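Subject: Structure handover

Hello,

The structure is placed below, and my notes on it follow. Please read them alongside the coordinates.

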Amino acid sequence: MTRPRALITGASSGLGRGYTLSLAADQYDLVLVARDEARLQELARSIETEHGTLAEVVVADLSTRSGIDVVRTVIETSRVDLLINNAGYGLKQSLLESEVSDLVDQDMVLTGAVRELSLAAVKQMRNRGRGGLINVSSMAALTTMGQYAAAKMSTLVFTEALAGELRGSPVTVTAVLPGFIRTRFHERLGVERPGPGWIWLSVAQVVAASLRDARGGKVVSIPGVSYRMAARIARFVPRPLVRWGSNGFSLNRRDG
Ligand SMILES: NC(=O)c1ccc[n+]([C@@H]2O[C@H](COP(=O)([O-])OP(=O)(O)OC[C@H]3O[C@@H](n4cnc5c(N)ncnc54)[C@H](OP(=O)(O)O)[C@@H]3O)[C@@H](O)[C@H]2O)c1
C-alpha cells in the first residue's frame with residue numbers, strides 16, 4: 001500500500017519537528033524543509049530507524065526566491081498529500097526600528113512562501129481529488145503586534161479564502177492559530193518567555209489538536225480551551241483597546 005506523503009516547512013525545530021514526529025508515527029513519508037541541514041538529516045535518520053517511513057531532506061531558505069522555487073518544484077513534480085506551511089520567526093525590533101530588508105525577508109517567509117506553496121499544492125491536490133493543507137498562523141493575528149501580526153492575519157484570511165474557493169472539493173484547508181508554545185521561537189527572538197506557565201502550550205498539544213481539526217475539515221483550528229475562549233472574546237474587544245494592549249505588550253517585550 002502507498003503511504004501518504006507530507007511536506008513540512010520549518011521541520012528542523014519546535015512545532016514543525018512535532019508535526020514530523022507525529023506524522024511519521026502515523027506512517028507518513030515525509031519531506032522536511034528548513035535551512036539547518038544537520039538538524040534535518042538527524043531527524044530524517046531517526047524517523048527512518050524508528051518508524052520505517054521515508055524522510056527526504058530539502059534545504060531551503062524560504063526568505064529567498066530560489067528557496068521557494070526549490071520547494072515549489074518538489075510540490076509540482078511529486079505527490080504531496082499534506083502540506084504544512086509552518087516555518088516562521090519573529091523580529092525583536094519594532095516596525096520603526098527594523099531594517100526594511102529584515103521586514104522583506106520575514107514577509108517572504110510568513111506570507112510569500114505560504115501563498116506560493118499553498119497554491120501550488122492545492123492545485124495538484126484538486127487535480128488528484130484529495131489532499132490537505134495546514135497553514136500555521138497565530139493568536140498574534142488577533143493583535144496589532146507589528147508585521148508578525150499582520151502576516152499571521154494575512155495567513156488566516158488567505159487560508160479562509162482558499163477554503164471558500166475549495167468548498168465542495170475533497171481538499172481540506174486549515175489555518176492554525178496557536179497561542180504561546182514551548183519551542184525555540186522566543187529564544188531565537190532573544191526575549192524571555194512572557195507570562196505565567198499556564199499560558200504555554202506544549203508542541204504535542206498543538207500538533208494533536210490541529211491535526212485532529214484538519215482531519216475533521218475545520219477551516220480554523222485554535223488549540224487549547226482558554227485560547228478558544230480568548231479568540232471568542234477578542235471579537236468583541238474595541239479596536240482601540242486591542243491597539244493599546246498590543247502596544248504595551250510589545251514595549252514590555254522589547255524592554256525585557
Ligand atoms: N512558539 C510560539 O509561541 C508560536 C505561537 C504561535 C505561532 N507560532 C508559529 O509556529 C511556527 C513554528 O514556530 P516554532 O514555535 O516551532 O519556532 P522554532 O522552534 O523557532 O521553529 C521555527 C522553524 O522555522 C524555520 N525557519 C525559520 N526561518 C526560515 C527560513 N528563512 N527558511 C526556512 N525555514 C525557516 C526554522 O528552521 P531553520 O532555522 O533550520 O531554517 C525552524 O524549523 C511559526 O510559523 C511561528 O510563527 C509559534
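N247 counts as partly exposed because its relative accessibility is 46% (buried means under 20% relative accessible area, exposed over 50%, and partly exposed in between, with a 1.4 Å probe and protein chains only). N247 is found in helix α9, residues 239-255 (helices, H or I with at least four residues, and strands, E with at least two, are DSSP runs numbered from the N terminus).

Some conventions before the rest. This is a predicted model, in which local features need pLDDT of at least 70 and side-chain atom pairs count only at pLDDT 80 or more, while totals for chains, interfaces and linings use all residues. Residues are numbered from 1 along each chain as its sequence is written, and side-chain values use heavy atoms, with hydrogens and water left out.

Strands

Strand β5 (residues 131-136) and β6 run parallel and are joined by six bridges (two strands pair if DSSP finds at least two bridges between them). In this pairing N135 stands opposite A175 of β6. On β7 (residues 220-221), which runs parallel to β6 and is joined to it by two bridges, V220 is the residue opposite A175. Strand β6 (residues 171-176) is mostly covered, with five of its six residues buried.

S221 lies in β7. S221 is buried, as its relative accessible area is 0%. Leaving out residues up to four places away in sequence, S221 touches T174, A175, V176, L177, A209, S210 and D213 (contact means heavy atoms within 4.5 Å).

Strands β2 (residues 29-34) and β3 (residues 55-59) pair in the parallel sense over five bridges, with V33 opposite V58. The chain gets from β2 to β3 through helix α2 (residues 37-51), in a right-handed β-α-β crossover. Right-handed here means that, with the strands pointing away from the viewer, the path from the first strand over the helix to the second runs clockwise. β5, helix α5 (residues 146-165) and β6 also make a right-handed β-α-β unit.

Helices

α5 has 20 residues and reaches 29 Å from its first C-alpha to its last, close to the expected 28 Å (the expected span is 1.5 Å times one less than the number of residues). Its buried residues include Q147, Y148, K152, T159 and L162. Among the elements that cover them are α4, β5, β6, α6 (185-189) and β7.

Helix α4 (residues 100-128) has 29 residues and spans 40 Å between its first and last C-alpha, close to the 42 Å expected. α4 has a kink of about 45 degrees centred on M108 (the bend at a residue is the angle between axes fitted to the seven residues ending there and the seven starting there). Just after α4, G129 takes a positive phi of about 80 degrees.

Cores

The largest nonpolar core has 37 residues, and L15, Y19, L23, L30, L32, I84 and I134 touch the most other members (a nonpolar core is a set of buried Ala, Val, Leu, Ile, Met, Phe, Trp, Tyr and Cys residues joined through side-chain atoms within 4.5 Å). Helix α7 (residues 203-215) supplies the largest share of this core, five residues. A second, separate core of 26 residues includes V58, A120, L133 and L162.

Regards
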